[in-house]
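Hi everyone, thanks for making time this morning.

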Amino acid sequence: MLEYSRNDAKSWALKTVKGFYQCPISPVTADGKMDEAGLRENIEKFIDVGIDGLVVGGFISECWNLTLADWYRYHEVVADAAKGRMQLATIILDPSVHQALEKMNYVEKLGFQSAEVINPVVQLRSDDEIYAWYKYLTDRSNMAVCLYRTAVSGKVIGFDLIKRLADLDTVVAVKQGSLVRAETLKLRRMVREDFIVSDPNEAVFLDDLRRGGQVVWGEMSYLVYGKKRALIDQYRQLAAEGKWEEAHQVSEQLAPVREFLEDMLVWEIVKTATYAGAVGGIKVWFEALGFNAGSLIPPVAPPSEEKKEWIRGKVQELGLV
């Protein structure tokens with residue numbers, strides 16, 4: 001059951017969607033199946049770490065590579081393991097608006113409160129077509145929707161279309177994933193004040209807190225920073241106290257681990273416009289921190305043993321464990 005009505009979706013999001021909504025890897029067995037026991041253990045660890053929300057069902061979690069039945073089962077396990085102890089959001093990648101609605105209705109009954117919904121990756125390309133797709137979706141679901149502005153979709157949604165979509169009752173946010181900081185700031189100036197523009201990049205979160213930002217949506221920094229995540233807590237607290245220069249000094253201590261995350265994830269996505277080539281290395285990183293990770297769902301290939309050893313060594317070198 002949703003915590004809000006469709007008319008209150010934006011005010012609910014402004015009040016609730018804050019901090020770090022993390023998008024973790026999924027543990028997979030040696031035969032390429034979801035490791036349900038490992039997933040439950042990971043969720044307990046995520047709760048202990050103290051993340052604000054969990055965003056699952058998309059690329060990083062390998063749910064794009066599941067059957068529909070397994071996708072539903074994955075969400076059932078996540079909801080049962082979380083037991084209402086943190087906010088849950090799904091990711092919808094389906095170009096069929098009807099399948100998207102079916103998924104959103106299903107996970108709403110499990111207790112999920114929101115959905116990141118990518119614009120159709122095939123067929124629909126004009127602004128009017130994409131608007132009509134989201135209008136059809138949101139007319140038939142009360143669930144809060146976060147847009148995903150990214151080249152991975154095949155079309156980066158333009159500013160004018162974002163402004164139109166932001167006026168739909170249940171469209172509450174956009175994950176501004178173009179990797180251009182200036183676009184995040186310009187878009188935030190252009191849209192209505194009750195619409196969240198999230199830059200999914202911890203490296204700019206301190207600056208974002210000064211410029212109207214409130215959430216790092218759909219990435220993994222707070223989880224993979226390991227022992228260094230305490231520095232995030234410190235700079236956020238200093239920022240809340242108005243001690244911006246001290247907060248900046250603390251934030252800068254994270255530069256080496258940020259560069260590692262960029263090399264492991266961001267630049268891999270830039271090179272290929274996909275996540276598939278990056279997930280294997282990220283799973284090694286998660287495992288080095290004590291999370292369950294395991295294999296990759298076929299036919300995606302794992303990294304070489306040499307690269308795995310390099311990643312484990314880097315995690316140690318950076319003092320994350």
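Predicted model: local features only at pLDDT ≥ 70, side-chain atom pairs only at ≥ 80, totals over all residues.

Let's start inside: how many residues does the largest nonpolar core have, and which of them have the most contacts inside it? The count is 114 residues, and L137 and W285 are the ones with the most contacts within that core. Helix α3, residues 68-82, gives the most to this core, supplying eight residues. As a general reminder, nonpolar side chains in soluble globular proteins tend to be buried together.

Now, back to L137. Setting aside its neighbours within four places in sequence, L137 touches V97, A100, L101, M104, V117 and V145.

Let me zoom out for a moment. The protein has 14 helices and eight strands. Its C-alpha trace spans about 50 × 50 × 40 Å along the principal axes. For 321 residues, a compact globule would have a radius of gyration near 20 Å, and the 19 Å found here agrees with that. Buried residues make up 53% of the 321. Among contacts with a separation of 6 or more, 73% are between residues 24 or more positions apart.

Last topic, the aromatics. The whole structure contains 12 aromatic pairs. One of them joins F20 and F205, edge-to-face, with 5.2 Å from centre to centre and 75° between the planes. That pair links distant parts of the chain, since F20 sits in strand β1 (residues 19-22) and F205 in helix α8 (residues 205-210), 185 residues apart. F20 is buried, at 1% relative accessible area, and F205 is buried at 1% too.

F20 also pairs with Y222: their ring centres are 5.3 Å apart and the planes meet at 35°, so this pair is tilted. Because Y222 lies in helix α9 (residues 221-224) and F20 in strand β1, the pair ties together parts that are 202 residues apart in sequence. Y222 is buried, as is F20. Put together, F20, F205 and Y222 make one aromatic cluster.

How values were computed:
Residues numbered from 1 in each chain as written. Heavy atoms only, no water. Core = buried A, V, L, I, M, F, W, Y, C linked by side-chain atoms within 4.5 Å. Buried < 20%, exposed > 50% of the residue type's maximum accessible area, 1.4 Å probe, protein only. Helix = DSSP H or I, 4+ residues; strand = E, 2+ residues; numbered from the N terminus. Contact = heavy atoms within 4.5 Å. Rg over C-alpha atoms; globule rule 2.2 N^0.38 Å. Phe/Tyr/Trp six-rings, centres within 6.5 Å; stacked < 30°, edge-to-face > 60°.
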